[in-house]
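Here is a short briefing to read alongside the sequence and the 3D view. Take it one topic at a time, and find each residue as you go.

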Amino acid sequence: MPSKSSTRIAEPLLGGPVGIHLGAAGRRFRSAQASALAAVLGVTTFLALALQGPCLSSGYEQPSASARMCAGPLSTAFIGDTNPDVLGRAHGGAAALAPLEARLVDLFQLFTNDVSLFMVVVLLLNTAGIAALGAGLLVLARFRGWLVAVYVSPLILFTLGSTLDPIALALAVWAMVIFFGSPPLRPRGWLAGVLLGIATFINPLALLVLLAMTVTGPNPARGLKPRNPRMMLAAATVTSAVLLVVDLSAIDRIIHWYSDAVDGGSFASILLMAELGDVSVWAPLWIIVSAGVVLAVTVSLYMVRRTGLDPAVAACLLIGGCLLLAPGLMPWDSLWLLPFIALSVRRWWVLIVWTLAEAVFAVAVQLGDVSGFEVDEGLDSTFVALFTLLRLLALVLVVIMAGENLYRRGIRGRMAASAPPRREEIDDPGDALEHRAAGRKEEHESGHDSQRTGRLD
């Protein structure tokens, strides 16, 4: 019997071993791909603006604004209103806004009472935030094709006129770019801390991005140089302290969030829609549980840090674990997962399932709010709970797939760290050929141009 398998014999006819033809794309191809992705992002942003267009003609002030996807925390707080009184929804209003969002509302109320003019400014700010987010992702991802999952996401459509989270997320993404110093930028730990400190006062989920970068900085994935997070932590602390002194209402808002934390999209909201318990019971319980999940994920990341941690994967696991059991999970909270999912999950079908689940929930929660004004016209709470549950299951799938990425990276890290087998340990010439092919494939997977580009894989 031949000592070589038929596939080994046929390798020269099939073009050689696996990975022999793999290589980095040329600059022209990468530039064309980046231009195409920017065009797709522009189309998505234009559709998001077109969705808000009919709302600008007094649509935000109508009682049934939710039926036309016009209602959002900023517009509701600007007109002095609160969320509809439906099961599973927080009261909202001006007291529930983030500190920087509340200051923006107060600033414009000094000049005008026209909510449409205010929302035009909000849309322009968020459009700039989405553009900055797209540019930061191109730097982090090095022109990966599956970024289309971000650029066609319905979350951009449904959150552009809701909150200032697109700006905060853009600050967080660029903080990651600046901290690890992806070319042509030089690493600036203090600037990354300042950006994350500002983003925290728009959405506290920025603290999880800060935590992910703190854990992964000393032990990053291959292709990234280790970074000391002390300067970043110090800058973030100083920035937060300054903002706390300037805006003393932040503490009061934290207390309000704690007492009115249960909102749509969470397991706690499903329990409220089933009329099991009340907010005073479920809000502190789910806050403690989600904090415990964040602590468990952080400890797990610290334990496997020696194999090299991808900051995007770490951020995806921390944010996903927190949101999975958080008392509230609205679409603008899911927006924080969007860039890190695209950088962490490599299976298209997972991204499609998650995207569809988010789109269905975004529509369902708005139609569910209509029942607070017109009982016969709104979506029944049973269907809202069903769509919420399906969305949470999709989020579980995403977290599992991100964890699988971390597991695979850990295996590759150990293989790269181990010494190559000695020549006398390779008995079969076919095994030697397989070893060389595996080496070439491993070099490509780790990014043979990583020393030149410093990309995040």
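## Rings, a core and a cysteine link

Phe78, Phe108 and Phe118 come together as one aromatic cluster. Keep in mind that this is a predicted model. The points below begin with the aromatic rings, then turn to the nonpolar cores, the cysteines and the regions listed by UniProt.

**Aromatic rings**

- Searching the whole structure turns up four aromatic pairs.
- One of them joins phenylalanine 108 and phenylalanine 118 edge-to-face, with 5.5 Å centre to centre and 70 degrees between the planes.
- This pair links distant parts of the chain, since phenylalanine 108 belongs to helix α4 (residues 99-109) and phenylalanine 118 to helix α5 (residues 115-141), 10 residues apart.
- Phenylalanine 179 counts as buried at 2% relative accessibility, and phenylalanine 180 counts as buried at 3%.
- At tyrosine 302, the charged end of arginine 305 sits over the ring, 3.8 Å from its centre.

**Nonpolar cores**

- The largest nonpolar core has 104 residues, and those with the most contacts inside it include Phe118, Val209, Met213 and Trp336.
- Leaving aside neighbours within four places in sequence, methionine 213 is in contact with residues including Phe179, Phe180, Leu196 and Met232.
- A second, separate core has eight residues, among them Val262 and Leu272.

**Cysteines**

- How many disulfides are there? The count comes to one disulfide.
- Cysteine 55 and cysteine 70 form this disulfide, with their sulfur atoms 1.9 Å apart.
- The link is left-handed, with -80 degrees about the S-S bond.
- Cysteine 55 is buried at a relative accessible area of 1%, and cysteine 70 is buried at 2%.
- Cysteine 316 is buried as well, at 0%, and so is cysteine 322, at 14%.

**Regions from the UniProt record**

- The unreviewed UniProt entry places the feature "transmembrane region" at several stretches, including residues 34-51 and 189-211.
- Residues 34-51 are 100% helix and 0% strand, and their end C-alpha atoms lie 26 Å apart.
- Residues 189-211 are 78% helix and 0% strand, with end C-alpha atoms 14 Å apart.

How values were computed: Residues are numbered from 1 along each chain as its sequence is written. This is a predicted model: local features need pLDDT of at least 70, side-chain atom pairs count only at pLDDT 80 or more; totals for chains, interfaces and linings use all residues. Side-chain values use heavy atoms; hydrogens and water are left out. A disulfide is a pair of cysteine sulfur atoms within 2.5 Å. Buried means under 20% relative accessible area, exposed over 50%, partly exposed in between (1.4 Å probe, protein chains only). UniProt positions are given in the numbering used here, feature names are shortened, and annotations may be inferred rather than shown by experiment. Helices (H or I, at least four residues) and strands (E, at least two) are DSSP runs, numbered from the N terminus. A nonpolar core is a set of buried Ala, Val, Leu, Ile, Met, Phe, Trp, Tyr and Cys residues joined through side-chain atoms within 4.5 Å. Contact means heavy atoms within 4.5 Å. Rings of Phe, Tyr and Trp (its six-membered ring) pair if their centres lie within 6.5 Å; planes under 30 degrees apart count as stacked, over 60 as edge-to-face and the rest as tilted. A charge sits over a ring if NZ of Lys or CZ of Arg is within 6 Å of the ring centre and within 35 degrees of the ring normal.
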